[in-house]
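The points are grouped by topic.

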Amino acid sequence: MRAVLTDIEGTLGPVAFVREVLFPYAAAALPRFVRRHSKDPEVAPLLAEAAGLAGVPAGDLDQVTGCLLDWISADAKVTPLKALQGLIWEEGYRGGHFRSEVYPDALDRLRAWQAAGVPVYVYSSGSIRAQGLYFGHSFDGDLRGLFAGFFDTGSGPKQDPGSYRRIAAAIGTVPGDLMFLSDLLPELDAAAAAGLHTTWLVRPGDTTADAEQLRRPPHPIAQTFSKIPWPAWVA
Ligand SMILES: [Mg+2]
């Protein structure tokens, strides 16, 4: 069974979404969210954990909020902060405060693959829950039905070939029957080392690739999903 495995940011949609939409929204919404939900069973333990890590009194919401905002500014990877951001994004998505963007050419191709019976799986460093929110609340509506399954770093880091072998096994196929799509070379290198086919998505104006990499692309390269080799690969 041949299948597609795809990255999200920089591949299916703009790489700037997380940086320019999600993180600023979470920072702006955090003080109000903490005040409103501090007693919620899902939120209270996270605030207590954050207070403990910051060494401030757990009952002092202003101080806890200040520490959380400092961590956001410092881009600190603090577990309770990440969990709170996830809850804030969930509320933001459900309230319609923002939507995700999937590139139109990607959407066309996802629909064509689905019509052709090619299963498409997602592999992203965002949690499976975050992936569900992303695809459930796009400008084009709920797109979750276009995917056969979702993988996150629970399968391992994206730069580790072992992760791609584990995902192939979980899908019930062999690496040679999977095509991995990404904008980042270290991820593509890992997938290729595991035996997957690869296509490097290089979006004009949304890529970190340098001129030398573009002159000698180490993976088959495509500027849009319509250029991904197919039906040759699927035949
Ligand atoms: Mg990416």
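Strand β1, residues 3–6, pairs with strand β4, residues 178–182, in the parallel sense, and four bridges join the two. Opposite Thr6 stands Leu181, which belongs to β4. The model is a predicted one.

**The sheet**

- The open sheet has six strands, in the order β3-β2-β1-β4-β5-β6.
- The pairing in this sheet is parallel.
- At the edges are β3 (149–151) and β6 (221–222), and each of these strands pairs on one side only.

**The buried side of helix α6**

- Helix α6 runs over residues 128–136, and its residues Ala130, Gln131, Tyr134 and Phe135 are buried.
- These residues lie on the same side of α6, because they cover an arc of only 125° around the axis.

**Helices α4 and α6**

- How do the axes of α4 and α6 cross? They come within 10 Å of each other, and the crossing angle is roughly 15°.
- Angles under 35 degrees count as roughly parallel, so α4 and α6 are roughly parallel to each other.
- The crossing of α4 and α6 is left-handed.
- Which residues meet between these helices? From α4 come Gly86, Trp89, Glu90 and Tyr93, and they meet Arg129, Ala130 and Leu133 of α6.

Definitions and conventions. Residues numbered from 1 in each chain as written. Predicted model: local features only at pLDDT ≥ 70, side-chain atom pairs only at ≥ 80, totals over all residues. Pairing = 2+ DSSP bridges. Buried ≥ 20, exposed ≤ 12 C-beta atoms within 10 Å, placed from the backbone. Arc of directions from axis to C-beta. Axes fitted to C-alpha atoms, helices over the stretch in contact; angles between N-to-C directions. Parallel < 35°, antiparallel > 145°, perpendicular 65-115°, else oblique. Left-handed = near helix turned anticlockwise from the far one by under 90°. Contact = placed C-beta atoms within 7 Å.
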